[in-house]
Amino acid sequence: MIVYPSESRPNDIYKLMIGSITPRPIALVSSVSEAGIFNLAPYSFFTGVSANPPAIGFSPLITQKDKTRDSRNNIEETKEFGVNIVSENLVDRMNVASSDVPPEVDEFPLSQLTPKRASIISFPLVKESRINMECRLIEIVEESNKLLGGAFIIGEVVCFHIDDEVIDNFKIDPNKLDTVGRMGGSSYTRTRDRFELARPDIKKN
C-alpha cells in the first residue's frame, strides 16, 4: 500500500501517523490563561529537542475547525508552561484531563490532581508527577491552521523537579519512573519490557 497524503483524508493520515509513530511519550502540559484559569492537557506529539540548553517540544493539533487548543492560547499569552511526565499511576487522571471542556474549567480539580508550586514559572505543576519541567517559550512553529493541523511549541526547560526516589547521579531509574506510552487509537503501552543494546564502536581505518 502506498499512501499520498495529498490524495487522502486528514483523518486517515492522522490514523496512519499515530499508529506508526509508537510508542509516544506523553506530556501532561500545565498552563494558565490571562484570566488566571489553570489548564491541564496531555499531548503525545512530544519530544526532547536539545540538551544545551535543555528544550522540549510538543504539538497541540487543531481538533475543531478554526479552534486552537487552550494550552497553545495560554502559552502564547504567558510565554510559559509546565511539562509533567505521566507514570502509570497517573493514567486515569491524565485521561480525565484530556476531556474537551470550556476554557473556564480548571482541569486540576476535574482530574483530582494536586497543584504544586513551581520555582520559576507563575503557575502550578502536577504534584503527583515524578518529574516536572518548568519551561519558557522559545518559539511556536506554525505548521497548519487546518483541521488536524497545528504548531510545534518549543520551550526551554529552566527548572527540573525530580522525585529523589527515581534518580541517582542524574540517571533516571525507568523501573521507578514507570512511564507509559501512547499507541494508536485508545491504546497505551507500559515501559517495563526493555532490553539493553550498546552502540557499536566502529573504528575508522
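Phe38 is partly exposed, with a relative accessibility of 24%, in this predicted model. Its partner in an aromatic pair is Phe108, which counts as buried at 2% relative accessibility. The structure holds 3 aromatic pairs, and the one between Phe38 and Phe108 is edge-to-face, with 6.1 Å from centre to centre and 80 degrees between the planes. Because Phe38 belongs to strand β2 (residues 38–43) and Phe108 to helix α4 (residues 107–111), this contact ties together parts that are 70 residues apart in sequence.

A further edge-to-face pair joins Phe58 and Phe81, at 5.5 Å centre to centre and 65 degrees between the planes. Distant parts of the chain are linked here as well: Phe58 lies in strand β4 (residues 54–58) and Phe81 in strand β5 (residues 80–85), 23 residues apart. Phe58 has a relative accessible area of 0% and is therefore buried, the cut-off being under 20%. Phe81 is likewise buried, at 0% relative accessibility. Together with Tyr43, Phe58 and Phe81 form one aromatic cluster.

**Salt bridges**

The count of salt bridges comes to 8.

| Asp12 | Lys15 | 3.5 Å |

Asp12 and Lys15 are both found in helix α1 (residues 10–20); they are 3 residues apart, so about one helical turn separates them. Asp12 is partly exposed at 27% relative accessibility, whereas Lys15 is exposed at 52%.

Glu76 and Arg72 are placed in helix α2 (residues 70–78), 4 residues apart, which is about one turn of the helix. Glu76 has a relative accessible area of 34% and is partly exposed, while Arg72, at 9% relative accessibility, counts as buried.

Glu88 is partly exposed, at 23% relative accessibility. Both residues also belong to a network of salt bridges that includes Asp178 and Arg190.

Technical notes: Residues numbered from 1 in each chain as written. Predicted model: local features only at pLDDT ≥ 70, side-chain atom pairs only at ≥ 80, totals over all residues. Heavy atoms only, no water. Phe/Tyr/Trp six-rings, centres within 6.5 Å; stacked < 30°, edge-to-face > 60°. Helix = DSSP H or I, 4+ residues; strand = E, 2+ residues; numbered from the N terminus. Buried < 20%, exposed > 50% of the residue type's maximum accessible area, 1.4 Å probe, protein only. Salt bridge = Lys/Arg side-chain N within 4 Å of Asp/Glu carboxyl O.
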